[in-house]
Amino acid sequence: MPTTTSPAPVKASVQPPPPGAAAARKALFWDRIAPKYAADPIADMAGYEATLQRVQGLLSAGQEVLEIGCGTGSTALRLAPFTRRLLATDVSPGMIAIAQARLAAQPTPQLGFAVADADAPGWGQGTYDVVMAFNMLHLVSDLDHTLQLAVQALRPGGLLISKTPCIAEMNPLIPWLAIPLMRAIGKAPAVLSFEGPGLHAAIARQGMDIVSVERHGTRGKDIRLFIVARKPPEFPHSPSRLLPRPGGRGPDHFINRGNP
């Protein structure tokens with residue numbers, strides 16, 4: 001059981017998404033599918049539970065935690081009791097509205113929700129002990145930029161915990177045929193296509209020390225890569241953005257973000 005503390009409740013807020021055409025387009029897409037998304041069952045429950053158990057072991061009651069791309073908040077509700085405070089964010093006001101309704105039904109004083117775009121600055125410098133990103137790094141506009149913002153938000157020694165679908169590891173007919181067709185009829189958002197080594201390299205390129213690289217799937221081929229990376233205690237330099245970027249924008253796909 002997590003250590004019992006009495007943290008000040010995290011203030012929740014539902015605000016318009018940050019200004020910008022890209023954020024507005026993302027918010028509109030996820031707002032439209034939010035009710036169905038919230039009702040969809042988790043495809044690999046055993047893999048989901050394995051990830052939750054792994055993350056719980058990395059959290060502690062003294063930590064300030066940020067989750068980016070939290071969707072409808074089911075994972076944040078499971079993990080918040082193991083933290084001091086957890087701020088869970090998403091670009092979609094519709095997703096956050098559902099998350100807040102869930103929070104009202106399951107009061108969790110450590111947890112708060114807010115609308116925010118993972119691609120936009122605003123997390124602060126050295127504010128959090130842990131930044132979590134589950135099933136959303138393939139959905140950002142610029143992987144290097146989003147990772148840079150996440151690393152900046154971490155305190156020295158802090159952890160970046162992520163689980164990400166590696167679209168380029170799927171059957172080629174899916175990313176190159178089925179997914180573009182889904183995108184054309186508005187059934188899928190824009191995504192980034194990369195393999196596991198490309199994501200691993202992108203995180204390391206930000207100056208992070210890779211602690212662990214795992215796969216928790218229990219049904220068929222597991223395309224979701226779980227990575228734990230630590231910000232070095234001494235972080236004297238800015239991450240290099242001069243190295244070639246693996247992957248990059250490729251096929252488009254909708255992956256259930258609520259399945260870490």
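Colleague: In which strand does Thr 164 lie, and is Thr 164 buried or exposed?

Modeller: This is a predicted model, and what follows is computed from it. Thr 164 lies in strand S5, residues 154-165. The cut-off for buried is under 20% relative accessible area. Thr 164 has a relative accessible area of 0%, so Thr 164 is buried.

Colleague: Which residues does Thr 164 touch, not counting residues up to four places away in sequence?

Modeller: Contact here means heavy atoms within 4.5 Å. With residues up to four places away in sequence not counted, Thr 164 touches Leu 137, His 138, Phe 194, Leu 199, Ile 223, Arg 224 and Leu 225.

Colleague: How many bridges pair S4 with S5, and which residue in S5 is the bridge partner of Tyr 128?

Modeller: S4 and S5 run in the parallel sense and are paired over six bridges. In S5, the partner of Tyr 128 is Leu 154.

Colleague: Why is S4 described as largely enclosed?

Modeller: Strand S4 covers residues 128-134. The cut-off for buried is under 20% relative accessible area. S4 is largely enclosed by the rest of the structure because the buried residues number seven of the seven.

Colleague: What is the handedness of the unit made by S4, H5 and S5?

Modeller: Helix H5, residues 143-153, forms a β-α-β unit together with S4 and S5. The handedness of that unit is right-handed.

Colleague: Which residue in S4 is the bridge partner of Val 65?

Modeller: Strand S1, residues 64-68, pairs with S4 in the parallel sense over four bridges. In S4, the partner of Val 65 is Val 130.

Colleague: Which residue in S2 stands opposite Glu 64?

Modeller: S1 and S2 also pair in the parallel sense, over five bridges. With H3, these two strands make a right-handed β-α-β unit. The residue in S2 opposite Glu 64 is Arg 85.

Colleague: Through which helix does the chain cross from S2 to S3?

Modeller: S2 and S3 pair in the parallel sense over five bridges. Leu 86 stands opposite Leu 111 in S3. The β-α-β crossover from S2 to S3 is right-handed, and the helix in it is H4.

Colleague: What arc do the buried residues of H4 cover around the axis?

Modeller: The buried residues in H4 are Pro 93, Met 95, Ile 96, Ala 99 and Leu 103. They lie on the same side of H4, because around the axis they cover an arc of only 150°.

Colleague: Which exposed residues does H4 carry on the face turned away from its buried side?

Modeller: The buried side of H4 has covering elements that include helix H1 (21-39), helix H3 (74-79), strand S2 (85-90) and strand S3 (111-115). On the face turned away from that side, the exposed residues are Ala 104 and Ala 105.

Colleague: What is the relative accessibility of Leu 103, and which residues is Leu 103 in contact with, leaving aside neighbours within four places in sequence?

Modeller: Leu 103 lies in helix H4 and counts as buried because its relative accessibility is 13%. Leaving aside neighbours within four places in sequence, Leu 103 is in contact with Leu 77, Thr 108, Leu 111 and Phe 113.

Colleague: How far apart are the end C-alpha atoms of H2?

Modeller: Helix H2, residues 45-56, has twelve residues. At 1.5 Å a residue these should span 16 Å, and the distance between the end C-alpha atoms agrees at 16 Å.

Colleague: What do the buried residues of H2 pack against?

Modeller: In H2, the buried residues are Gly 47, Tyr 48, Thr 51, Leu 52, Val 55 and Gln 56. They pack against H3, S4, S5 and strand S7 (224-230).

Colleague: Which residues form the aromatic cluster?

Modeller: There are two aromatic pairs in the structure. Phe 29 and Trp 30 are edge-to-face, 5.0 Å centre to centre with 90° between the planes. Trp 30 and Tyr 37 are edge-to-face as well, 6.4 Å centre to centre with 75° between the planes. The one cluster they form consists of Phe 29, Trp 30 and Tyr 37.

Technical notes
Residues are numbered from 1 along each chain as its sequence is written. This is a predicted model: local features need pLDDT of at least 70, side-chain atom pairs count only at pLDDT 80 or more; totals for chains, interfaces and linings use all residues. Side-chain values use heavy atoms; hydrogens and water are left out. Buried means under 20% relative accessible area, exposed over 50%, partly exposed in between (1.4 Å probe, protein chains only). Two strands pair if DSSP finds at least two bridges between them. A crossover is right-handed if, with the strands pointing away from the viewer, the path from the first strand over the helix to the second runs clockwise. The arc is that of the directions from the helix axis to the C-beta atoms. The expected span of a helix is 1.5 Å times one less than its number of residues. Rings of Phe, Tyr and Trp (its six-membered ring) pair if their centres lie within 6.5 Å; planes under 30 degrees apart count as stacked, over 60 as edge-to-face and the rest as tilted.
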